[in-house]
Amino acid sequence: MIVRSRVVVPMVGEPIENGAVAIAGNQIAGVGRFEVVKASHGGDVLDLGEQIVLPGLINAHCHLDYTVLRGQIAPQRSFTDWIRVINSRKAALSEEDYVASINTGLAEVQKFGTTTLLNLEAFPELLSRLSRPPPLRVWWCAEMIDVRERAPVREVSEHLYDWFESHPEWLGGFGVAPHAPFTASEQLFSAASEISRKYHVPVTTHVAESREEMQMFRDAGGFLFDFLKSIGRPLDDCGGTTPLSSLMQSHALDERWIIAHLNELTEEDFGLLARAKKFHIAHCPRSHTFFGHTPFEWQRLRTLGFNICLGTDSLASNSSLSLFSEMRELLRKETWISPRDALTMATVNGAHAIGQADSLGRISPGFRADLIAIPSAQTGTGFFDTIAAFEGTVPWMMVDGETVGFR
Ligand SMILES: [Zn+2]
(Lines give C-alpha, C1' and ligand atoms only; values in the text may rest on other atoms or scores of the structure.)
Protein backbone atom coordinates (compact mmCIF):
# COMPACT_ATOMS: atom_id res chain seq x y z
CA MET A 1 0.00 0.00 0.00
CA ILE A 2 1.16 3.54 -0.77
CA VAL A 3 -0.08 6.61 1.12
CA ARG A 4 0.34 9.80 -0.92
CA SER A 5 -0.16 13.36 0.31
CA ARG A 6 0.78 16.93 -0.49
CA VAL A 7 3.71 16.65 1.90
CA VAL A 8 5.31 14.00 4.08
CA VAL A 9 7.25 15.14 7.14
CA PRO A 10 9.42 12.12 7.99
CA MET A 11 11.37 13.71 10.91
CA VAL A 12 14.54 12.52 9.27
CA GLY A 13 15.72 14.89 6.55
CA GLU A 14 13.45 17.57 5.12
CA PRO A 15 9.70 17.51 4.38
CA ILE A 16 8.95 15.86 1.03
CA GLU A 17 6.42 17.62 -1.23
CA ASN A 18 4.15 15.37 -3.29
CA GLY A 19 5.38 12.71 -0.90
CA ALA A 20 4.45 9.11 -0.34
CA VAL A 21 4.98 6.35 2.19
CA ALA A 22 5.03 2.70 1.12
CA ILE A 23 3.70 0.32 3.76
CA ALA A 24 4.25 -3.42 3.89
CA GLY A 25 2.42 -5.17 6.72
CA ASN A 26 3.01 -3.15 9.87
CA GLN A 27 6.20 -1.51 8.62
CA ILE A 28 7.29 1.37 6.49
CA ALA A 29 8.88 0.02 3.33
CA GLY A 30 9.84 3.30 1.69
CA VAL A 31 9.38 7.06 1.80
CA GLY A 32 10.09 9.74 -0.80
CA ARG A 33 8.61 11.62 -3.74
CA PHE A 34 5.40 9.97 -4.91
CA GLU A 35 6.69 9.07 -8.39
CA VAL A 36 9.83 7.47 -6.93
CA VAL A 37 7.96 5.48 -4.27
CA LYS A 38 5.34 4.37 -6.81
CA ALA A 39 8.01 3.18 -9.23
CA SER A 40 9.74 1.02 -6.63
CA HIS A 41 6.81 -0.24 -4.52
CA GLY A 42 3.61 -1.86 -5.71
CA GLY A 43 0.19 -1.80 -4.11
CA ASP A 44 -2.90 0.35 -3.95
CA VAL A 45 -2.53 4.10 -3.60
CA LEU A 46 -4.42 5.94 -0.89
CA ASP A 47 -4.26 9.60 -1.91
CA LEU A 48 -4.87 11.81 1.13
CA GLY A 49 -4.76 14.95 -1.03
CA GLU A 50 -3.96 18.29 0.59
CA GLN A 51 -2.67 16.85 3.84
CA ILE A 52 0.57 16.68 5.78
CA VAL A 53 1.53 13.14 6.77
CA LEU A 54 3.75 12.92 9.83
CA PRO A 55 4.73 10.29 12.42
CA GLY A 56 2.09 9.58 15.08
CA LEU A 57 2.79 11.60 18.23
CA ILE A 58 4.32 10.08 21.36
CA ASN A 59 3.08 11.11 24.80
CA ALA A 60 5.77 10.31 27.36
CA HIS A 61 3.81 11.09 30.53
CA CYS A 62 0.13 10.54 31.17
CA HIS A 63 -2.27 9.14 33.79
CA LEU A 64 -5.36 7.76 32.02
CA ASP A 65 -6.84 6.87 35.42
CA TYR A 66 -7.80 10.49 36.02
CA THR A 67 -9.56 11.30 32.74
CA VAL A 68 -12.81 11.21 34.69
CA LEU A 69 -11.59 14.18 36.77
CA ARG A 70 -11.68 16.54 33.77
CA GLY A 71 -12.56 20.05 34.90
CA GLN A 72 -13.10 18.98 38.50
CA ILE A 73 -9.94 20.29 40.16
CA ALA A 74 -9.14 23.99 40.00
CA PRO A 75 -5.60 25.25 40.62
CA GLN A 76 -5.02 25.17 44.38
CA ARG A 77 -3.07 27.33 46.80
CA SER A 78 -0.36 24.70 46.98
CA PHE A 79 0.73 21.44 45.36
CA THR A 80 -0.08 19.67 48.62
CA ASP A 81 -3.64 21.01 48.55
CA TRP A 82 -3.96 19.61 45.03
CA ILE A 83 -2.78 16.21 46.33
CA ARG A 84 -5.40 16.39 49.11
CA VAL A 85 -8.16 17.25 46.62
CA ILE A 86 -7.24 14.55 44.11
CA ASN A 87 -6.98 11.99 46.92
CA SER A 88 -10.48 12.82 48.12
CA ARG A 89 -11.86 12.63 44.55
CA LYS A 90 -10.09 9.30 43.99
CA ALA A 91 -11.62 7.88 47.16
CA ALA A 92 -15.07 8.35 45.60
CA LEU A 93 -14.23 6.50 42.36
CA SER A 94 -15.19 2.88 41.74
CA GLU A 95 -13.39 0.32 39.64
CA GLU A 96 -15.99 0.96 36.91
CA ASP A 97 -15.15 4.67 37.01
CA TYR A 98 -11.48 3.88 36.47
CA VAL A 99 -12.21 1.51 33.58
CA ALA A 100 -14.39 4.20 31.98
CA SER A 101 -11.68 6.76 32.65
CA ILE A 102 -9.02 4.66 30.91
CA ASN A 103 -11.27 3.99 27.91
CA THR A 104 -12.29 7.64 27.56
CA GLY A 105 -8.66 8.70 27.90
CA LEU A 106 -7.48 6.24 25.25
CA ALA A 107 -10.09 7.52 22.80
CA GLU A 108 -9.12 11.13 23.50
CA VAL A 109 -5.36 10.54 23.22
CA GLN A 110 -5.91 8.88 19.87
CA LYS A 111 -8.33 11.48 18.54
CA PHE A 112 -5.61 14.10 19.02
CA GLY A 113 -3.04 12.20 16.96
CA THR A 114 -1.09 10.27 19.59
CA THR A 115 -0.17 6.76 18.49
CA THR A 116 2.15 5.89 21.39
CA LEU A 117 1.56 6.58 25.04
CA LEU A 118 3.46 6.01 28.26
CA ASN A 119 0.72 5.69 30.85
CA LEU A 120 1.41 5.61 34.58
CA GLU A 121 -1.17 3.10 35.73
CA ALA A 122 -2.10 2.89 39.40
CA PHE A 123 -4.41 -0.08 38.75
CA PRO A 124 -2.65 -2.41 36.31
CA GLU A 125 -5.06 -5.18 37.30
CA LEU A 126 -7.70 -3.28 35.29
CA LEU A 127 -6.08 -4.18 31.96
CA SER A 128 -8.10 -7.39 31.88
CA ARG A 129 -11.28 -5.28 32.30
CA LEU A 130 -10.74 -3.37 29.05
CA SER A 131 -13.09 -4.80 26.47
CA ARG A 132 -10.55 -4.87 23.64
CA PRO A 133 -6.90 -4.12 22.96
CA PRO A 134 -6.25 -0.37 22.76
CA PRO A 135 -5.90 0.76 19.13
CA LEU A 136 -2.62 2.50 19.91
CA ARG A 137 0.69 1.54 21.52
CA VAL A 138 0.58 1.93 25.26
CA TRP A 139 3.36 1.23 27.72
CA TRP A 140 1.50 0.60 30.98
CA CYS A 141 3.89 1.57 33.77
CA ALA A 142 2.69 0.16 37.08
CA GLU A 143 2.66 3.16 39.41
CA MET A 144 3.50 2.33 43.01
CA ILE A 145 3.64 4.02 46.36
CA ASP A 146 4.82 2.41 49.60
CA VAL A 147 4.23 5.03 52.27
CA ARG A 148 1.79 2.86 54.21
CA GLU A 149 2.45 -0.66 52.98
CA ARG A 150 4.92 -2.64 50.90
CA ALA A 151 4.41 -2.34 47.13
CA PRO A 152 4.26 -5.74 45.39
CA VAL A 153 6.51 -4.57 42.56
CA ARG A 154 7.85 -8.00 41.56
CA GLU A 155 4.45 -9.71 41.62
CA VAL A 156 2.77 -6.94 39.60
CA SER A 157 5.59 -6.88 37.07
CA GLU A 158 5.50 -10.65 36.60
CA HIS A 159 1.76 -10.44 36.10
CA LEU A 160 2.18 -7.71 33.48
CA TYR A 161 4.94 -9.64 31.77
CA ASP A 162 2.65 -12.69 31.54
CA TRP A 163 -0.24 -10.52 30.32
CA PHE A 164 1.77 -9.14 27.38
CA GLU A 165 3.26 -12.56 26.58
CA SER A 166 -0.23 -14.02 26.31
CA HIS A 167 -1.74 -10.98 24.52
CA PRO A 168 0.49 -10.39 21.50
CA GLU A 169 -2.31 -8.36 19.88
CA TRP A 170 -1.74 -5.63 22.49
CA LEU A 171 0.72 -3.12 21.06
CA GLY A 172 3.24 -1.58 23.45
CA GLY A 173 4.12 -3.24 26.70
CA PHE A 174 4.62 -2.60 30.38
CA GLY A 175 6.98 -0.70 32.60
CA VAL A 176 7.36 0.37 36.21
CA ALA A 177 6.80 3.69 37.94
CA PRO A 178 7.81 4.24 41.55
CA HIS A 179 5.69 7.36 42.13
CA ALA A 180 8.17 9.91 43.51
CA PRO A 181 10.99 10.21 46.03
CA PHE A 182 8.46 11.49 48.58
CA THR A 183 6.09 8.51 48.25
CA ALA A 184 8.36 5.62 47.22
CA SER A 185 11.10 4.12 49.38
CA GLU A 186 14.67 3.35 48.40
CA GLN A 187 13.67 -0.33 48.30
CA LEU A 188 10.86 0.39 45.87
CA PHE A 189 13.15 2.39 43.57
CA SER A 190 15.70 -0.46 43.68
CA ALA A 191 13.09 -3.09 42.89
CA ALA A 192 11.72 -1.01 39.99
CA SER A 193 15.19 -0.49 38.60
CA GLU A 194 15.88 -4.22 38.83
CA ILE A 195 12.61 -5.03 37.01
CA SER A 196 13.44 -2.56 34.27
CA ARG A 197 16.84 -4.18 33.77
CA LYS A 198 15.47 -7.72 33.93
CA TYR A 199 12.65 -7.22 31.39
CA HIS A 200 14.18 -4.35 29.36
CA VAL A 201 11.18 -2.14 30.03
CA PRO A 202 10.84 1.62 30.71
CA VAL A 203 11.07 2.90 34.26
CA THR A 204 9.69 6.30 35.14
CA THR A 205 9.07 8.53 38.15
CA HIS A 206 8.22 12.10 39.17
CA VAL A 207 11.12 14.15 40.60
CA ALA A 208 11.46 17.76 41.76
CA GLU A 209 8.03 18.69 40.50
CA SER A 210 7.03 21.33 43.05
CA ARG A 211 8.55 23.95 45.33
CA GLU A 212 7.08 22.04 48.26
CA GLU A 213 8.98 18.90 47.31
CA MET A 214 12.18 20.95 47.31
CA GLN A 215 11.24 22.49 50.67
CA MET A 216 10.61 19.04 52.11
CA PHE A 217 14.02 17.63 51.17
CA ARG A 218 16.00 20.86 51.65
CA ASP A 219 14.40 22.33 54.78
CA ALA A 220 12.59 19.37 56.35
CA GLY A 221 9.49 21.56 56.41
CA GLY A 222 6.59 22.94 54.41
CA PHE A 223 3.12 21.74 53.44
CA LEU A 224 4.24 18.52 51.73
CA PHE A 225 6.54 17.62 54.62
CA ASP A 226 3.72 18.18 57.11
CA PHE A 227 1.25 16.21 55.03
CA LEU A 228 3.57 13.20 54.70
CA LYS A 229 4.37 13.38 58.38
CA SER A 230 0.64 13.23 59.12
CA ILE A 231 0.27 10.01 57.11
CA GLY A 232 3.25 8.35 58.75
CA ARG A 233 6.06 8.59 56.19
CA PRO A 234 9.48 8.36 57.89
CA LEU A 235 11.19 11.71 57.26
CA ASP A 236 14.77 11.02 58.25
CA ASP A 237 15.90 11.51 54.64
CA CYS A 238 14.75 15.14 54.70
CA GLY A 239 16.88 18.20 55.43
CA GLY A 240 20.03 19.44 53.71
CA THR A 241 19.40 17.74 50.40
CA THR A 242 17.23 18.08 47.27
CA PRO A 243 14.71 15.70 45.69
CA LEU A 244 17.09 14.89 42.84
CA SER A 245 20.18 14.52 44.98
CA SER A 246 18.31 12.36 47.49
CA LEU A 247 17.27 10.00 44.69
CA MET A 248 20.63 9.99 42.92
CA GLN A 249 22.51 9.24 46.12
CA SER A 250 20.89 5.84 46.33
CA HIS A 251 20.20 5.15 42.64
CA ALA A 252 22.26 5.60 39.55
CA LEU A 253 19.87 7.01 36.99
CA ASP A 254 20.71 5.95 33.47
CA GLU A 255 19.25 5.85 29.96
CA ARG A 256 16.48 3.47 31.08
CA TRP A 257 14.90 6.18 33.25
CA ILE A 258 12.30 8.73 32.19
CA ILE A 259 12.18 11.43 34.85
CA ALA A 260 9.06 13.56 34.78
CA HIS A 261 9.17 17.27 35.64
CA LEU A 262 12.55 18.32 37.17
CA ASN A 263 11.21 21.82 37.68
CA GLU A 264 13.01 22.52 40.94
CA LEU A 265 16.78 22.21 40.56
CA THR A 266 19.59 23.83 42.54
CA GLU A 267 23.10 24.63 41.31
CA GLU A 268 24.29 21.50 43.16
CA ASP A 269 21.69 19.51 41.21
CA PHE A 270 23.08 20.89 37.95
CA GLY A 271 26.54 19.77 39.09
CA LEU A 272 25.15 16.26 39.63
CA LEU A 273 23.37 16.33 36.28
CA ALA A 274 26.54 17.34 34.44
CA ARG A 275 28.24 14.18 35.74
CA ALA A 276 25.20 11.89 35.50
CA LYS A 277 24.35 9.43 32.76
CA LYS A 278 21.89 11.08 30.44
CA PHE A 279 18.43 9.83 31.28
CA HIS A 280 15.28 11.16 29.62
CA ILE A 281 13.14 14.04 30.90
CA ALA A 282 9.38 14.27 30.35
CA HIS A 283 8.10 17.84 30.46
CA CYS A 284 4.36 18.57 30.63
CA PRO A 285 3.92 22.21 29.49
CA ARG A 286 0.25 22.78 30.36
CA SER A 287 0.36 20.90 33.67
CA HIS A 288 3.42 23.04 34.48
CA THR A 289 1.36 26.17 33.79
CA PHE A 290 -1.60 24.83 35.83
CA PHE A 291 0.58 24.46 38.94
CA GLY A 292 2.65 27.61 38.32
CA HIS A 293 5.92 25.74 38.88
CA THR A 294 9.32 27.41 38.64
CA PRO A 295 10.25 27.87 34.94
CA PHE A 296 11.63 24.69 33.40
CA GLU A 297 15.34 24.99 32.58
CA TRP A 298 15.13 23.93 28.94
CA GLN A 299 18.32 25.39 27.66
CA ARG A 300 20.57 24.18 30.47
CA LEU A 301 19.14 20.66 30.47
CA ARG A 302 19.33 20.38 26.72
CA THR A 303 22.88 21.72 26.64
CA LEU A 304 23.85 19.08 29.19
CA GLY A 305 22.66 16.43 26.72
CA PHE A 306 19.35 15.30 28.21
CA ASN A 307 16.68 13.97 25.87
CA ILE A 308 13.56 16.05 26.58
CA CYS A 309 10.18 14.74 25.50
CA LEU A 310 6.59 15.88 26.04
CA GLY A 311 3.68 14.62 28.10
CA THR A 312 0.18 15.76 28.91
CA ASP A 313 0.08 14.59 32.53
CA SER A 314 -3.54 13.89 33.55
CA LEU A 315 -6.84 15.74 33.30
CA ALA A 316 -6.54 16.45 37.03
CA SER A 317 -4.08 19.20 36.00
CA ASN A 318 -4.81 19.72 32.32
CA SER A 319 -7.78 20.38 30.06
CA SER A 320 -7.18 17.80 27.31
CA LEU A 321 -4.86 14.99 26.30
CA SER A 322 -3.70 16.73 23.11
CA LEU A 323 0.02 16.82 22.40
CA PHE A 324 -0.67 19.46 19.73
CA SER A 325 -1.86 21.70 22.59
CA GLU A 326 1.30 20.83 24.55
CA MET A 327 3.45 21.87 21.59
CA ARG A 328 1.54 25.15 21.34
CA GLU A 329 1.93 25.88 25.05
CA LEU A 330 5.62 25.10 24.83
CA LEU A 331 6.07 27.50 21.90
CA ARG A 332 4.07 30.17 23.69
CA LYS A 333 6.31 30.00 26.75
CA GLU A 334 9.64 29.33 25.07
CA THR A 335 9.78 31.59 22.03
CA TRP A 336 13.30 30.47 21.12
CA ILE A 337 12.12 26.89 20.50
CA SER A 338 11.17 26.23 16.86
CA PRO A 339 8.02 24.35 15.80
CA ARG A 340 10.31 21.71 14.33
CA ASP A 341 12.03 21.26 17.71
CA ALA A 342 8.65 20.97 19.41
CA LEU A 343 7.58 18.24 16.98
CA THR A 344 10.91 16.45 17.51
CA MET A 345 10.15 16.35 21.24
CA ALA A 346 6.68 14.92 20.54
CA THR A 347 7.97 12.22 18.15
CA VAL A 348 11.67 11.35 17.94
CA ASN A 349 12.55 12.19 21.54
CA GLY A 350 9.54 10.34 22.95
CA ALA A 351 10.50 7.24 20.96
CA HIS A 352 14.04 7.45 22.29
CA ALA A 353 12.75 7.75 25.88
CA ILE A 354 10.72 4.56 25.71
CA GLY A 355 13.55 2.63 24.09
CA GLN A 356 12.00 2.63 20.59
CA ALA A 357 14.34 5.01 18.77
CA ASP A 358 14.84 2.47 15.97
CA SER A 359 11.17 1.70 15.37
CA LEU A 360 8.98 4.70 16.28
CA GLY A 361 8.90 8.51 15.97
CA ARG A 362 10.09 8.76 12.36
CA ILE A 363 8.86 7.80 8.90
CA SER A 364 11.77 5.70 7.80
CA PRO A 365 12.16 2.28 6.14
CA GLY A 366 11.93 -0.52 8.72
CA PHE A 367 10.06 1.65 11.24
CA ARG A 368 6.54 0.78 12.38
CA ALA A 369 3.76 2.24 10.22
CA ASP A 370 2.35 4.72 12.79
CA LEU A 371 1.25 7.78 10.83
CA ILE A 372 -1.16 10.67 11.12
CA ALA A 373 -2.36 13.29 8.66
CA ILE A 374 -3.54 16.85 9.21
CA PRO A 375 -4.77 19.42 6.68
CA SER A 376 -2.00 21.48 5.10
CA ALA A 377 -2.30 25.28 5.04
CA GLN A 378 -3.14 26.82 1.70
CA THR A 379 -0.12 29.02 1.14
CA GLY A 380 2.66 30.84 2.87
CA THR A 381 2.85 28.90 6.12
CA GLY A 382 5.74 26.56 6.82
CA PHE A 383 4.84 22.90 7.30
CA PHE A 384 6.14 22.82 10.87
CA ASP A 385 4.21 26.01 11.72
CA THR A 386 1.05 24.43 10.33
CA ILE A 387 1.62 21.30 12.42
CA ALA A 388 2.26 23.27 15.60
CA ALA A 389 -0.88 25.37 15.02
CA PHE A 390 -3.17 22.39 14.40
CA GLU A 391 -6.18 22.05 16.69
CA GLY A 392 -8.93 19.46 16.88
CA THR A 393 -9.30 15.86 15.82
CA VAL A 394 -6.79 14.45 13.35
CA PRO A 395 -8.67 13.39 10.22
CA TRP A 396 -6.60 10.25 9.49
CA MET A 397 -4.44 7.86 11.48
CA MET A 398 -2.64 4.59 10.93
CA VAL A 399 -1.26 2.44 13.73
CA ASP A 400 0.90 -0.61 13.06
CA GLY A 401 -0.09 -0.57 9.38
CA GLU A 402 -3.84 -0.43 10.08
CA THR A 403 -6.05 2.58 9.45
CA VAL A 404 -7.73 3.52 12.69
CA GLY A 405 -11.25 4.89 12.96
CA PHE A 406 -12.41 7.18 15.73
CA ARG A 407 -15.14 6.42 18.16
ZN1 LIG B 1 2.44 12.50 36.52
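Start at Ala208, in the loop between β10 (203-207) and α6 (211-219); helices (H or I, at least four residues) and strands (E, at least two) are DSSP runs, numbered from the N terminus. This is a predicted model, where local features need pLDDT of at least 70 and side-chain atom pairs count only at pLDDT 80 or more, while totals for chains, interfaces and linings use all residues. Residues are numbered from 1 along each chain as its sequence is written, and side-chain values use heavy atoms, with hydrogens and water left out.

Check the backbone of Ala208: phi is positive, about 55 degrees, although this residue is not a glycine. Most residues other than glycine have a negative phi. Ala208 counts as buried, at 0% relative accessibility (buried means under 20% relative accessible area, exposed over 50%, partly exposed in between, with a 1.4 Å probe and protein chains only).

Next, select Ala220, in the loop between α6 and α7. Here too phi is positive, about 50 degrees, in a residue that is not a glycine. Is Ala220 buried or partly exposed? With a relative accessible area of 32%, Ala220 is partly exposed.

While you're there, pick Asp219 and Arg218, whose side chains meet in a salt bridge at 2.9 Å, N to O (a side-chain nitrogen of Lys or Arg within 4 Å of a carboxyl oxygen of Asp or Glu). Asp219 is partly exposed, with a relative accessible area of 41%, and Arg218 counts as partly exposed at 40%.

Now bring up helix α7 (residues 223-230) together with helix α2 (residues 79-91): the two pack at an angle of about 40 degrees, with their axes 9 Å apart. Axes are lines fitted to C-alpha atoms, for helices over the stretch in contact, and angles run from 0 to 180 degrees between N-to-C directions. That makes α2 oblique to α7 (under 35 degrees counts as roughly parallel, over 145 as roughly antiparallel, 65 to 115 as roughly perpendicular and the rest as oblique). Which residues of α2 and α7 meet? Show Thr80, Ile83, Arg84 and Asn87 on α2, and Phe223, Leu224 and Phe227 on α7; contact means heavy atoms within 4.5 Å.

Over to the strands. Select β7 (residues 114-121), where eight of eight residues are buried. Strand β6 (residues 57-62) runs parallel to β7, joined by four bridges, and Leu57 stands opposite Thr114. Strand β8 (residues 137-144) also pairs with β7 in the parallel sense, over six bridges; find Leu120 and its bridge partner in β8, Cys141. For strands to pair, DSSP has to find at least two bridges between them.

Arg340 lies in helix α13 (residues 339-346) and Glu14 in the loop between β1 (2-8) and β2 (16-24), so the pair ties together parts 326 residues apart in sequence. Arg340 counts as partly exposed, at 29%, whereas Glu14 is exposed at 52%.

How many salt bridges does the structure hold? There are 20. Another joins the side chains of Asp254 and Arg256 (3.2 Å, N to O), and both of these residues are buried.

Last stop: Ser325, in helix α12 (residues 323-333). Ser325 counts as buried at 14% relative accessibility, and touches Arg286 and Ser320, leaving out residues up to four places away in sequence.
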